[in-house]
Amino acid sequence: MDGYRFIVTFEGVPSMVKVPGKRVHGVLWDGRIGEVAVVDGAEALFRKGLDKVFLPVRIGGQNKSAIMYMSCTTQTGTPNMKAWEGVLEAAGHWDFPETYCEELRQWGLG
């Protein structure tokens, strides 16, 4: 996501905020419309503090619309350690750029 920066909110939830010149790396899952309800349910724990938004992404030379669950707040905090280890493991698994992985590791030092 060009033009965004990864953050961890004060609730410990991963999110992103608009920041020109920055980039958030991630994995784009291609799901069926009927599967969206399952993902919505998985995000229900934090639903009060999240907005479900549709943002344009470019992948493989194609423009797509992606569903994102973004925090309503931009106040930063410390990651929820129960989930944080999975974030770092995923970044390594999907071969995100090392500079981005280092940025993620800095959040875990809080």
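Five salt bridges turn up in this structure, counting a side-chain nitrogen of Lys or Arg within 4 Å of a carboxyl oxygen of Asp or Glu. Bear in mind that this is a predicted model, where local features need pLDDT of at least 70, side-chain atom pairs count only at pLDDT 80 or more, and totals for chains, interfaces and linings use all residues. Residues are numbered from 1 along each chain as its sequence is written, and side-chain values use heavy atoms, leaving out hydrogens and water.

Start with R23 and D2, whose side chains form a salt bridge at 2.5 Å, N to O. R23 sits in strand β2 and D2 in strand β1 (residues 2–8), so this pair ties together parts 21 residues apart in sequence. Strands here are DSSP runs of E, at least two residues, and helices are runs of H or I, at least four, numbered from the N terminus. D2 is exposed at 55% relative accessible area, while R23 is partly exposed at 46%; buried means under 20%, exposed over 50%, and partly exposed in between (1.4 Å probe, protein chains only).

Now hop over to helix α3 (residues 98–107), where E102 and R105 lie three residues apart, about one turn of the helix. Their side chains meet in a salt bridge at 3.2 Å, N to O. Shared partners join E98, E102 and R105 into one network, with R105 also bridging to E98 at 2.2 Å, N to O.

Back in strand β2 you'll find S15, which is buried, with 7% relative accessibility. The S15 side chain reaches the backbone nitrogen of S71 at 2.9 Å.

Key:
A polar contact is a pair of N or O atoms within 3.5 Å; within protein, one must be able to donate a hydrogen and the other to accept it, and residues adjacent in sequence count only if both atoms are side-chain atoms.
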